[in-house]
Amino acid sequence: MKNKASDWGGSKLTTFQTCHQKYNLSYSYGGTGLEGIEDSYNRSRGVLVHEALEVFYSSHKSKPLEYRTLEAIKAAVEGIPALNIKEGLKALMKDEIIACLDQYFETYGMDEQLEPLEVEMPFQIKIGDDIHTGTRDLFGMWQGHPVVVDHKSTSLDWDRFFKQFKDDLSLKGYVYDKRRNGVPNCDLLINGIRFKRTKNFACEFQRELISFSEQQMEETPKIIIHVKKEIALCNVEKFWPKSGKQCVTVAGECEFRKYCTFPDEAVIKTFYKQKG
């Protein structure tokens with residue numbers, strides 16, 4: 001059979017594994033899936049911090065540290081006006097992001113043990129008849145060890161935070177690609193940023209190395225094929241079982257919790273809109 005081009009859906013497949021109903025609402029409902037009428041504050045904040053770190057690590061060591069930190073903060077702040085959130089929250093987010101990034105660069109800037117080799121690098125994974133394409137946050141060396149790095153922000157405690165990534169199919173896919181393309185000892189590093197919800201916008205930073213066995217790597221493409229078959233079955237049967245595992249995630253409360261609590265079309269019309 002001829003290969004079909006498709007987008008890397010690792011995060012979608014992970015969503016399906018943890019909650020079939022969230023997958024349906026996010027990607028299938030009405031043909032394109034739903035999204036909130038207003039942007040999620042927590043998710044938007046995480047995206048902007050991610051964009052700042054992309055700028056910071058893209059110019060790693062090629063420019064002075066002060067210049068890179070200012071450019072990174074500027075990139076995040078410039079993205080705030082486009083957010084669909086209340087104006088008062090935009091001002092709050094600006095203060096919170098600047099404080100967070102100042103603390104991050106103070107923590108890691110002068111003593112950074114992470115050496116970037118690739119930033120926002122596209123990749124391909126051939127699994128079954130599909131060629132999946134995607135983009136990794138970062139690949140580099142951490143304390144002399146090759147790692148795929150994924151930036152994650154949260155308000156959860158560290159134990160609950162890191163546990164959510166040990167079986168994340170999306171992140172396994174990133175490592176699988178590197179292991180099968182010349183970096184056999186590559187592992188995963190979660191670059192954690194925790195907002196403590198204090199008046200002075202205090203943040204904590206922690207990194208967790210997650211190693212996958214070769215057996216786990218061999219199972220990864222099989223799991224992906226199996227999950228895609230389950231999605232096809234749910235589509236045929238028009239039945240998407242609900243799970244509570246994603247009611248609260250690393251980014252905060254699930255955006256579809258209102259609908260899951262009160263499953264009525266009026267809730268959809270009030271709080272959500274069709275994607276696209």
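This is a guided tour of a predicted model, going from the whole chain to a few single residues.

Before selecting anything, note that residues are numbered from 1 along each chain as its sequence is written. In this predicted model local features need pLDDT of at least 70 and side-chain atom pairs count only at pLDDT 80 or more, while totals for chains, interfaces and linings use all residues, and side-chain values use heavy atoms, with hydrogens and water left out.

**The whole protein**

Begin with the cartoon view, where the protein shows 10 helices and 10 strands; these are DSSP runs, helices being H or I with at least four residues and strands E with at least two, numbered from the N terminus. Turning to the C-alpha trace, you will find that it spans about 55 × 50 × 35 Å along its principal axes. If you colour by accessibility, 47% of the 276 residues count as buried, where buried means under 20% relative accessible area, exposed over 50% and partly exposed in between, with a 1.4 Å probe and protein chains only. Among contacts between residues at least 6 apart in sequence, 70% join residues at least 24 apart, a contact being heavy atoms within 4.5 Å.

**The loop between β6 and β7**

Next, select the loop between β6 (187–195) and β7 (203–210), which holds Arg 197. Arg 197 is exposed, with a relative accessible area of 67%, and its phi is near 60 degrees, a positive value in a residue other than glycine. Then move to Phe 201, which is also placed in the loop between β6 and β7; Phe 201 is partly exposed at 22% relative accessibility, and its phi, too, is near 60 degrees. These backbone angles are worth a look because most residues other than glycine have a negative phi.

**Arg 207 in strand β7**

Now select Arg 207, which lies in strand β7. Is Arg 207 buried or exposed? At 12% relative accessibility, Arg 207 counts as buried. Show the residues that Arg 207 touches, leaving aside those up to four places away in sequence, and you will find among them Tyr 57, Tyr 104, Tyr 108, Trp 142 and Phe 162.

Another polar contact, of 2.9 Å, joins the side chains of Arg 207 and Asn 191.

Definitions and conventions. A polar contact is a pair of N or O atoms within 3.5 Å; within protein, one must be able to donate a hydrogen and the other to accept it, and residues adjacent in sequence count only if both atoms are side-chain atoms.
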